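Let's walk through this protein one question at a time. Keep the structure open while you read.

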Amino acid sequence: MPTMLIELSKYSLPPALGALGTLGLGLFVFLNNKRGEPNRILALMCLAIFIWLAAYAISYSTGSDSIAILCARSACTSVAFVSLFFYHFAIAFLDLEKERKYLRACYFITWIFLAGFIFTDLLLNGTHKYYWGYYSKAGVLHPLYLLITYAMWFRSFYLLFVSVRKQVSPEFRNKIKYALIAFIVVAPCTIDYLPKYGFEFYPFGWTFVILFVSTMAYVIVRHRVLEIEVVIKRTLVFAGLVGAVVVVVSMVAFVSQDVLARFVAIPKWLSNVLAAGIIAATYGRLRNWLVEVTDRYLFQKKYDYKELLRKFSDEVAVGIRDLKQLVEMTVERLTETVKLGGCSLLLLNRDTHNYELVASKGSSGQQVALEEQEAFIAFLRQTREPIGLDGQLGKVRFPEEVGNRLKQLNARLCLPLIVHEDLIGVLCLGKKKSDEEFTADDVGILMTLVSTLAIAVSNAQLFDELSKTQAEAAQKEKLAVIGTLSAGINHEICNPLGIVKAQCEAFVLDQQDGLLVGKSAKELQDRVASIIQVTLKQIDRATAITQKLSSFAKPIKATTVEQVSVANEVDEVVLLVGHDLELQKITIEREVAADLPPIMVDRRQFQEVLFNLIRNAGQAIAPPGTISVRAKEVEGRVRIEIADTGSGIPADKLDKIYDPFFTTKEPGKGTGLGLFIVRQIIERNKGRISVQSTVGQGTTFFLDF
């Protein structure tokens, strides 16, 4: 007897749970609005479904023929009213008074069917005994019953289909659309009629009826109809999970109790024990899998993701200075952590005075530019509160333009980024993949994150502006420095020009003095060729120096790493500054190892580093003096030393020399950006810089690459 109860309970449990769930849902709908006709009719429909499923749950579990036939009659009479209530619900939902005369006729016919199920065998003729238990057997007039039942359902569907095409409000049209979807979804429930005609398979069509009831409950209880997707998806997944359990348990029972018992001569009790063992062995894994699926698709682990959001606020948003990286990572992490269908971030462009899309992921966010005067932006700036469609936020009335903009952004929740009472941006969150609402707790956590994000964005913008300002100042300083190279440039260019001029003047004077008279054509040709060769050589020399100066003066837009010879670059820089230093009686000594390997840096940036350090060394020297440039390999790295015999740097100022705008020079003779830029360039090229200095003896900078 215990074995029989265990065997049958697995088939009766799903409809029993469905019956209790439907009864609770009907009670909830009724209590939500006792006077609303759609509420009352849906509650009666839930009651009829409860009787239907509860009766079959008992029928699957009993071993008594009399109890089974009583349960079958109870189930069939209640099912007769389900289709009627479908029709009545559609009429009440659409408020179709003219249709009620047909409704009264349907009630009369249904009561006749009720009497037929209870008192005759024309509609119900006993029961079938299937592997899951007793199930009702169709009588001779049952097809007529099905025909009228389907007629009610098709009429309900037709009324909804016609109504959705009429000129009604968009909100009510959405309600009708989802009701229409619900009526389509419920259609597969008719497979439960097949076992009545002798087709032996476990009936599970009732799950679609529960889906219909759940959907319509949301239609009449909730005013924001788009959230019905939550119920549809959850009920579909629930039905799938229940179906999976039934299939797994049924297959195990079939293999262990039928196949093995047929081909292997073992007692039935041993087969039952084997079936129970297999179920016990797979129960844990199956349960864990179901929990994982439920958590993933139905319910989010709020506590976990809140902790992740706090971690994001503390470690990610605060620590990133690059604005582009910050906004992209914010959108990426939020989408992954909260499991959003989409996320986007709009920031104020102070040049155009528009809020522009700077980062987006998924379906949220479009290429839009919102003006500062737009209603959506003005509403956020005035209220400084989030705008949403869920929970308490969904009950807040806001202008129609604001709602339209929310739809355009595909956003369920928009959060303002406020810094010093200014709206600097808007964070837009799409719906959750689980279709759950944004709760008050969610909004609280997200507002904390947005507050941190607003500060981080503001800091990143300031840092970006500072970097641009520093880059512009550095470029201006470089151009100003070029003026100090005029003597060297003049020397390097005027020398070859002087040689060319001398050669040409000598030729002209010889011609004027008649010294070329009597010369053969070949002699004259050789003389001219010699002058041309000298001219070309000197032109190449002048061109090279002007190209070097032009290349040095151009701003560096992008880093290009390549193999660079330290000796060659030192020569290039000394060529630019050497003559000017010689005029100041400052000697440059070079000592570069012959076997020194090349270094991997950006060549022009490396030249800028050498130029700044050699120029600073020259400015620190009270002539005469010496600047030494040495390079050697030390422990697998190339070390470059630039030493001067200048005045040195006091120990209390050594820690400040890399700070922007700090300078020991006289006012007007330095910006204080030289060493700041040098250190940035060296670190960008994966190098290190250090310094040693003694007051009155000089300073040495060490560069390691």
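Q: Is Glu97 buried or exposed in this predicted model?
A: To count as exposed, a residue needs over 50% relative accessible area. Glu97 has a relative accessible area of 52%, so Glu97 is exposed.

Q: Which residues are linked with Glu97 in a network of salt bridges?
A: Side chains of opposite charge can pair when their charged atoms come close. The side chains of Glu97 and Arg100 do that, at 3.3 Å from N to O. Arg100 also meets Glu37 in a salt bridge, at 2.8 Å. That gives a network of Glu97 with Arg100 and Glu37.

Q: How many residues apart in sequence are the parts that Arg100 and Glu37 tie together?
A: Look at where each partner sits: Arg100 lies in helix 4 and Glu37 in helix 2 (residues 37–61). Arg100 counts as buried at 17% relative accessibility, while Glu37 counts as partly exposed at 23%. Their pair ties together parts whose separation in sequence is 63 residues.

Q: Where do Arg590 and Asp571 lie?
A: These two side chains meet in a salt bridge, 2.7 Å from N to O. Both count as partly exposed, because Arg590 has a relative accessible area of 45% and Asp571 has 39%. As for their places, Arg590 lies in strand 10 (residues 586–592) and Asp571 in helix 17 (residues 566–583).

Q: What kind of aromatic pair do Phe117 and Tyr145 form?
A: A pair of aromatic rings is described by the distance of the centres and the angle of the planes. Here the centres of Phe117 and Tyr145 are 5.2 Å apart and the angle is 90°. Planes over 60 degrees apart get their own label, so for Phe117 and Tyr145 the answer is edge-to-face.

Q: Which helices hold Phe117 and Tyr145?
A: Phe117 and Tyr145 are both buried. The pair ties together parts that are 28 residues apart in sequence, so look for two separate elements. They are helix 4 (residues 100–119) for Phe117 and helix 5 for Tyr145.

Q: Where is Leu141, and what is its relative accessible area?
A: Leu141 belongs to a nonpolar surface patch with Leu122, Val140, Leu144 and Leu147, and together they have about 470 Å² of accessible area. Its place is in the loop between strand 2 (133–138) and helix 5 (142–164). Leu141 is partly exposed, and its relative accessible area is 37%.

Q: What is the distance between the C-alpha atoms of Phe438 and Gly391?
A: Phe438 lies in the loop between strand 8 (422–429) and helix 14 (440–484). At 3% relative accessibility Phe438 counts as buried, and the residues it touches include Val338, Leu340 and Asp390. Phe438 and Gly391 are 47 residues apart along the chain, and their C-alpha atoms are separated by 6.9 Å.

Q: What is the mean pLDDT of the protein?
A: Confidence is below 50 over residues 1–8, and it also stays under 50 over residues 223–237. Across the protein, 72% of the residues reach 70 or more, and the mean pLDDT is 76.

Terms used:
Residues numbered from 1 in each chain as written. Predicted model: local features only at pLDDT ≥ 70, side-chain atom pairs only at ≥ 80, totals over all residues. Heavy atoms only, no water. Patch = residues over 30% accessible without salt bridge, like charges linked within 9 Å, V, L, I, M, F, W, Y side chains within 5 Å. Areas by Shrake-Rupley, 256 points an atom, 1.4 Å probe, with all protein chains shown as cover. Salt bridge = Lys/Arg side-chain N within 4 Å of Asp/Glu carboxyl O. Helix = DSSP H or I, 4+ residues; strand = E, 2+ residues; numbered from the N terminus. Buried < 20%, exposed > 50% of the residue type's maximum accessible area, 1.4 Å probe, protein only. pLDDT = per-residue confidence, 0-100. Contact = heavy atoms within 4.5 Å. Phe/Tyr/Trp six-rings, centres within 6.5 Å; stacked < 30°, edge-to-face > 60°. Lists of a residue's contacts leave out its neighbours within four places in sequence.
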